[in-house]
Amino acid sequence: MSRYDDPVIISCSISGVIANRDQCPAIPYTPEEYAAEARRAVEEGAAQIHIHARKPDGTPSYEVEDFKAITEAIRGAVDDVIINYSTGAIGVSLEKRIEYLRECRPEVAALNMSSMNYAKYSRRRKDFVFNTVFENSFDTIIEFLTAMREIGIKPEHECFDSGHVANLDPLLDMGLLEPPLQISLVMGVLGGIRPTPRNVTVMSDQIPGGPEGPNQWQVIGISRDQWKLLGSALVLGGNVRAGVEDNLYLPDGTMCRSNGDLIGKARQMAEDVGRRPATAAEARELLGITARSAAATA
């Protein structure tokens, strides 16, 4: 297969909500900073931007106005990119999270596929940095899916363990989902699957229809194990995500200067195994997303 026939969708997790600029100066806070980071990522090969909103002081936001301002700034800074919103949150009502989807209408929105322990542990401190239960019951999943179908949003199914992938099966059987699905294999969160290359194979083998079937899948590697996980995904035919939400460091241990540094490395890795970054238009076709007019996405 030639490079032309084997595109890879590269996504950028542009901000996240946990890390701050004391840890990495590249993390954007204001809409203008989001736009600049999105432009750098797109120039390096990203076709999809995953957004957690923040207020200009850097605190996480779930307000319509912040998502809207960030989205409009990104749309004004790049020619074309798929906008993908986070919906994951602890202590934020389902109604509030659906509200910003309904008002801003991104093309894609993340959908977490199971409840789980969600934690970060410090070996130095011998204690948890944080430790919580991330609720994503089938009732919650179905309510999100119903809203997304009404609005016309493509779900991105975030799976933190192999059993989370299996949770797609009843939803497909119920007719709530239609291929091609966009499935994210999230690896490296305590409470989920261990971040090993072997587990990329384990997870991808659970994809409905198989890893080479009709559905699109990507690996999201958390922390410095990211690069070996993305490498495994690329050779197995999957897509990849990079960005400061997931990992702040390049493979040599250098902190990134921007999301563009991380996306540039992911693009280089794809090219090294004979693949090329998909354009936004190609990514929409692969994901089964109908392109919207500029007026509809504003």
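Among contacts in the chain between residues at least 6 apart in sequence, what percentage join residues at least 24 apart? The share is 69%, where a contact means heavy atoms within 4.5 Å. This is a predicted model, in which local features need pLDDT of at least 70 and side-chain atom pairs count only at pLDDT 80 or more, while totals for chains, interfaces and linings use all residues. Residues are numbered from 1 along each chain as its sequence is written, and side-chain values use heavy atoms, with hydrogens and water left out.

**Overall form**
- The chain contains 11 helices and 12 strands, taken as DSSP runs (helices H or I, at least four residues; strands E, at least two) and numbered from the N terminus.
- In a box along the principal axes, the C-alpha atoms fill roughly 45 × 45 × 45 Å.

**Burial and charge**
- Of the 298 residues in the chain, 54% are buried, that is, under 20% relative accessible area with a 1.4 Å probe, counting protein chains only.
- The chain has 31 positive side chains (Lys and Arg) and 41 negative ones (Asp and Glu), with His and the chain ends not counted.

- Leaving aside neighbours within four places in sequence, Ile49 is in contact with residues including Cys12, Ile14, Ala38 and Ile74.

Conventions:
Buried means under 20% relative accessible area, exposed over 50%, partly exposed in between (1.4 Å probe, protein chains only). The place of a charge is taken as NZ of Lys, CZ of Arg, CG of Asp or CD of Glu.
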